[in-house]
Amino acid sequence: MSGTLRQVGIDIQESEENRALIDAIKQDNPDLTVRHLPGLVKVQSSGQIVINRETVESHLGREWETGEFQLAIVSYAGNFSEWDDDQIIVKWEH
Amino acid sequence: MSIDKPEARVRPKKLPLKQRYSLLTRDLDWEPNYVTREQLYPHTSYEGIVVHDWDGWEDPFRLTVDAYHKYQAEKDKRLYAVLDGFAQSQGHLTLSDASYLNAIKLFIQGVTPLEYAAHRHFAYLARHLEGPAPRFAALCQSVDELRHAQTQIHTISNYNKYYGGFHSWSKMHDRVWYLSVPKSLFDDAMTAGPFEFLISISFSFEYLLTNLLFVPFMSGASFNGDMPTMSFGFSAQSDESRHMTLGLEAIKFLLEQDEANVPIIQGWIDKWFWRAYRMSALVAAMMDYMLPKPVMSWREAFELYFEEQMLGGLFPDLEFYGITPPKHVNDAIAEKDKLSHETYKILHNFSFAAAFTTQTPQQEHMAWLSEQYPDTFDRFYRPTWEKHLDIEAGGGRAFFQGLPQLCQVCQIPMGFSEPDDPATPSLRTSTFRDEVFHTCSNGCQWIFEREPEKYVQAWLPVHQIYQGNCGGPTVPDVLAWYGIQEGDNGEYKGSLDQQSWAEWHPTSTKEA
């Protein structure tokens with residue numbers, strides 16, 4: 001537990017495709033911490049984590065639907081406060 | 001081949017996600033006209049939960065049938081590619097050691113049947129919850145859970161060709177003593193009302209503790225060369241994120257609907273945190289003792305996934321609704337340096353009656369344990385293991401003779417110690433209808449006394465043996481009734497699995 005903003009986190013399966021996804025998350029969440037565990041990558045950030053479709057597409061070099069995030073995620077801590085065609089936001093509500 | 005800039009391409013016309021979801025779930029609901037709502041949904045009032053507006057339920061995943069099929073099919077395709085590759089390449093020979101599979105035996109015997117039970121009960125919720133959004137989320141989860149049970153059976157069946165302990169897991173789940181721990185937890189949840197089930201399984205089990213229960217198995221699999229288990233695990237976990245969301249959504253929805261719901265939900269959180277936490281004792285033992293290459297200690301996982309993420313993140317969020325952290329959470333925190341050691345000691349003592357084998361940790365493993373548990377391992381647990389090593393050096397193996405007292409609630413043998421004192425056994429008793437009932441902890445005692453009528457009915461394996469319901473009075477009688485065959489149980493060193501492993505891995509390097 002660090003700082004006043006509570007940490008949110010997402011565990012992502014480690015795979016070739018997900019490397020691009022993680023790079024995109026890094027780009028849009030500058031204070032992201034990344035921890036490698038066997039088979040998975042744990043990303044954490046204070047307050048919230050944002051995933052933007054356009055950033056992911058630019059790293060993947062192909063079209064990407066936000067729904068595809070379901071294939072990558074292993075677990076998370078936080079709350080999906082937004083999940084639409086362009087953006088996914090994980091944060092604590094209160 | 002050139003890579004188009006995504007912006008430059010024209011996307012096919014599709015309704016926005018929110019609209020699609022709304023049309024394909026809520027819009028398909030209808031008001032009954034020839035029966036009343038109460039007749040249509042008869043189970044949603046007796047628990048005292050008040051719901052004013054079922055449309056207040058949000059599903060952040062906004063999953064629709066077509067999307068569900070598409071993503072699930074892709075997940076299965078990826079998983080079965082791994083299973084085929086592993087089987088075709090004799091992947092089982094590349095595991096870290098055959099003893100690793102004890103963790104997987106525990107998994108298929110203890111966890112896979114829970115997936116199937118969850119499949120059944122979410123099908124019930126998909127019929128009985130009043131709102132279309134939670135009904136559809138429950139339907140997806142019901143199908144997910146069936147997929148989990150099936151993929152686990154397929155994955156693990158490959159090991160059944162070469163190793164003991166995998167053959168009769170379904171029968172064992174209903175009969176064997178340590179498996180009554182997970183089975184009774186799920187029976188407890190399934191015999192509760194629909195809202196308590198949501199708080200027990202969707203919230204406490206799936207959201208609060210899922211990471212502690214599942215991620216360690218999967219990281220352990222990854223670290224010990226078990227690619228198929230890791231793959232089904234992560235494949236299942238990707239569904240699990242949706243299940244976690246259902247759990248979190250359920251609790252927020254119920255708390256927002258009416259203030260009268262708050263104390264009811266708090267009671268369920270208090271109960272189900274402790275129930276699920278107690279069951280996780282088996283996972284703690286697995287993590288610290290059963291993996292030839294341990295990944296992360298129970299203590300570290302507990303701090304990371306529970307203390308940091310749940311107590312530090314989730315509960316401050318729920319405070320907004322007047323919810324406090326679970327009643328006995330401090331006992332769980334106080335136990336984090338002891339839980340795995342005390343639980344594995346029980347398994348080690350009684351593995352002659354289990355469908356897995358155990359072994360005394362060797363010096364290298366003990367060095368890791370004392371590094372992970374600097375305050376407790378050398379002082380309280382190492383001496384016992386050293387004693388076992390001495391006995392084994394002389395050709396012996398100490399097992400506990402006799403049957404243990406079980407906790408009336410969690411059904412684990414009463415081998416735990418007081419939260420603040422590893423040297424004093426923790427034993428609680430309560431009297432109900434002039435009969436004395438035993439529990440292992442403040443948490444289990446509190447749960448018992450809250451609903452004694454329910455827990456006096458517990459099917460306690462030791463009592464059942466004494467009552468003559470488990471095949472006969474002797475150990476071989478009971479083992480036969482359990483379905484345990486030679487090579488399934490006892491000590492790992494010298495076991496059939498270990499002999500086969502040694503035969504398949506001769507120490508001298510042969511010509512390729």
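Ala354(B) touches Tyr178(B), Leu347(B) and Asn489(B), leaving aside residues up to four places away in sequence; contact here requires C-beta atoms, placed from the backbone, within 7 Å of each other. This is a predicted model, in which local features need pLDDT of at least 70 and side-chain atom pairs count only at pLDDT 80 or more, while totals for chains, interfaces and linings use all residues. Residues are numbered from 1 along each chain as its sequence is written, and chains are lettered from A and ligands numbered from 1 in the order in which they are written.

Ala354(B) lies in the loop between α16 (339-350) and α17 (363-372) of chain B. Helices are DSSP runs of H or I with at least four residues, strands are runs of E with at least two, and both are numbered from the N terminus. Ala354(B) counts as buried because 26 C-beta neighbours lie inside 10 Å; the term buried asks for 20 or more other C-beta atoms within 10 Å, exposed for 12 or fewer, and partly exposed covers the values in between. Between the C-alpha atoms of Ala354(B) and Ser204(B), 150 residues apart along the chain, the separation is 28 Å.

I turn to helix packing. How do α13(B) and α16(B) lie relative to each other? Helix α13 (residues 261-290) of chain B packs against α16(B) at an angle of about 90°, and their axes are 8 Å apart. Axes are lines fitted to C-alpha atoms, for helices over the stretch in contact, and angles run from 0 to 180 degrees between N-to-C directions. The two helices, α13(B) and α16(B), are therefore roughly perpendicular, given that angles of 65 to 115 degrees fall in that class, under 35 being roughly parallel, over 145 roughly antiparallel and the rest oblique. On the α13(B) side the contact includes Ala281(B), Leu282(B) and Tyr289(B), and on the α16(B) side Thr343(B), Tyr344(B) and Leu347(B) are among the residues met. The residues of this contact divide into nine nonpolar, two polar and one charged. Ala, Val, Leu, Ile, Met, Phe, Trp, Tyr, Cys and Pro count as nonpolar, Asp, Glu, Lys and Arg as charged, and the others, Gly among them, as polar.

Next, the interface. In chain B, 37 residues are in contact with 30 residues of chain A. The largest share of the chain B side, nine residues, comes from α12(B). By class, that side has 18 nonpolar, eleven polar and eight charged residues.

Finally, Gly233(B) is placed in helix α12 (residues 227-257) of chain B. Gly233(B) is buried, with 31 other C-beta atoms within 10 Å.

Terms used
Contact = placed C-beta atoms within 7 Å.
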